[in-house]
Amino acid sequence: GPLLLLMGGMLPSLLGTGCVIAFLYGFFLSFASGVPAFFERRPAKKYAGQTLLVFRTLTAKLATMGIVMATVSLLFTATLIVEGSGMTFSAMFQSRMEKASAFDLYIGTKNEAHLDAYQDQIRRSVPVTAVRRYAVYQGEDAQVTDYLADHASYHKFSSRDMLMAFSDYAALRAMKGWPAVTLETGEYLIHCQDYLGPSLADYRQPIRISGQTLELAGIETGPLNQNLWDANGHGFVLVVPDELARNCPVSHGAIAAMTEEPVSGEQFAGLCAIRDRYDAAEGLYDTLYSKADQETEAASMSAMVVFPLYYLALVLTMTAATILTVQQLSETDRYRGQFALLRKLGMDRREMRRALGCQFAIYYAMPALPPALIAVPFLLNLGGAVEPGTMTGIYHPAAITALALGLFCLIYLFYILMAYTSLKRNVLPQE
């Protein structure tokens with residue numbers, strides 16, 4: 001069911017939804033008859049401890065409210081999927097914003113002549129603390145690109161590796177406040193996104209640039225605007241000596257800047273106006289990002305997408321948990337009579353409390369476990385479906401899934417403890 005939901009398209013989604021619903025209703029409607037059959041084949045287990053009391057009470061309840069339990073389980077399934085999806089979208093927006101905001105302002109263009117107009121506008125209206133105009137070059141082949149395509153979760157964006165002159169790379173590191181690095185004659189560096197670092201840890205192959213062979217000096221990582229169009233490489237860039245880089249064809253030109261204050265909407269609009277003029281005249285759409293604009297966009301997308309999903313998940317959780325709790329507390333008189341009879345038959349209060357706790361644990365776990373088994377693979381696959389490098393670190397799909405389950409369990413546990421405390425106080429005989 002979850003796999004069909006992830007395939008996309010109307011038919012797989014409908015089939016997946018149908019499988020999930022059929023599984024949940026089939027499970028709870030067959031439970032009341034399945035448990036007696038199980039114990040008929042294992043009579044020794046039937047009379048061990050409080051097993052007979054606990055499961056007899058549960059089967060009697062499920063025989064009359066199996067459909068209600070299945071509906072509650074369906075609500076929990078929707079809760080976990082909606083909550084996890086909200087967290088995935090939130091992580092995706094945040095991760096994209098962080099990766100596109102390595103500099104306060106970044107401009108990339110296939111036509112380097114455009115950079116003159118952008119530079120003039122920045123000089124007039126955007127106070128900067130550091131700015132660098134440079135070019136990103138094309139290598140002679142796709143040696144590192146092909147390696148990553150075979151050894152990492154990496155999509156090929158270019159038929160050639162991207163190069164950067166060492167002086168430009170050193171200037172960008174200084175703008176970021178990173179420690180300085182050195183590059184000796186006959187060497188090159190690879191700067192890549194964090195998630196590609198482990199895949200390149202064992203890479204030691206030399207490259208040929210402008211007729212010279214260069215040996216790898218090391219791997220550097222960190223956010224350097226490497227997932228944009230006209231960026232500092234697509235996921236990685238090869239840093240080579242200046243004289244070799246400038247003998248290679250230019251891929252695109254770029255301007256990176258750090259500003260005294262966040263780029264205002266008015267300042268960014270002035271730069272966008274230049275981009276739009278070039279687009280109208282040449283049909284060439286330049287890459288233009290500001291950190292402040294990306295943060296605003298991420299906040300806006302979160303408000304429109306993530307908050308409604310969180311709100312819906314909270315409502316579904318509270319609704320389903322309330323249904324279970326009301327059903328349980330409505331049995332107070334029957335439980336009181338049952339435990340009064342057990343007291344007369346010689347069961348002490350400690351055993352009664354243990355039986356009630358076991359019954360409670362199974363009662364509340366039953367509608368929650370199937371949704372967890374359905375939602376976990378769904379959320380893991382959902383997180384893995386976005387572009388490589390987005391869901392990494394604290395945004396890893398496994399971390400998102402664990403957080404969604406933890407938050408759900410926290411709210412659910414509150415209802416369980418509330419119902420258990422009330423029922424224990426009202427139904428168990430006093431000492």
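## The second largest cavity

Four nonpolar, one polar and four charged residues make up the lining of the second largest cavity. In this grouping, Ala, Val, Leu, Ile, Met, Phe, Trp, Tyr, Cys and Pro are nonpolar, Asp, Glu, Lys and Arg are charged, and the others, Gly among them, are polar. The residues concerned are G139, E140, D141, D161, L163, I207, R208, I209 and L238. Strand β5 (residues 207-209) contributes the most, with three residues; strands (E, at least two residues) and helices (H or I, at least four) are DSSP runs numbered from the N terminus.

The space inside is about 40 Å³. Here a cavity is a set of points, on a 1 Å grid over the protein atoms alone, where a 1.4 Å probe fits but cannot get out, and lining residues have an atom within 4 Å of a point. Grid points are joined across faces, edges and corners, and a volume is the space filled by probe spheres set on the points.

## About the model

Please keep in mind that this is a predicted model: local features need pLDDT of at least 70 and side-chain atom pairs count only at pLDDT 80 or more, while totals for chains, interfaces and linings use all residues. Residues are numbered from 1 along each chain as its sequence is written, and side-chain values use heavy atoms, with hydrogens and water left out.

## The largest cavity

There are two cavities of 30 Å³ or more. The largest cavity holds about 50 Å³ of space. T145, Y154, F157, S158, R160, D161, M162, H234 and F236 line the largest cavity, giving four nonpolar, three polar and two charged residues.

## The largest pocket

Now for an open space: a pocket is an open set of points with protein on both sides within 12 Å along at least five of seven lines. The largest pocket contains about 580 Å³ of space. It has 25 lining residues, and R96, N227, L228, E387 and T390 are the closest to its centre. Helices α4 (51-99) and α11 (291-329) are the elements that give two or more residues to this lining. By class, the pocket lining has 12 nonpolar, nine polar and four charged residues.

## Where α5 meets α10

The axes of helix α5 (residues 114-125) and helix α10 (residues 265-282) come within 10 Å and cross at roughly 160 degrees. That makes α5 roughly antiparallel to α10 (an angle over 145 degrees). Axes are lines fitted to C-alpha atoms over the stretch in contact, with angles from 0 to 180 degrees between N-to-C directions.

On the α5 side, H114, A117, Y118, Q121, I122 and S125 meet Q267, G270, L271, I274, R275, Y278 and E282 of α10, where contact means heavy atoms within 4.5 Å. This contact has six nonpolar, five polar and two charged residues.

Methods
Angles under 35 degrees count as roughly parallel, over 145 as roughly antiparallel, 65 to 115 as roughly perpendicular and the rest as oblique.
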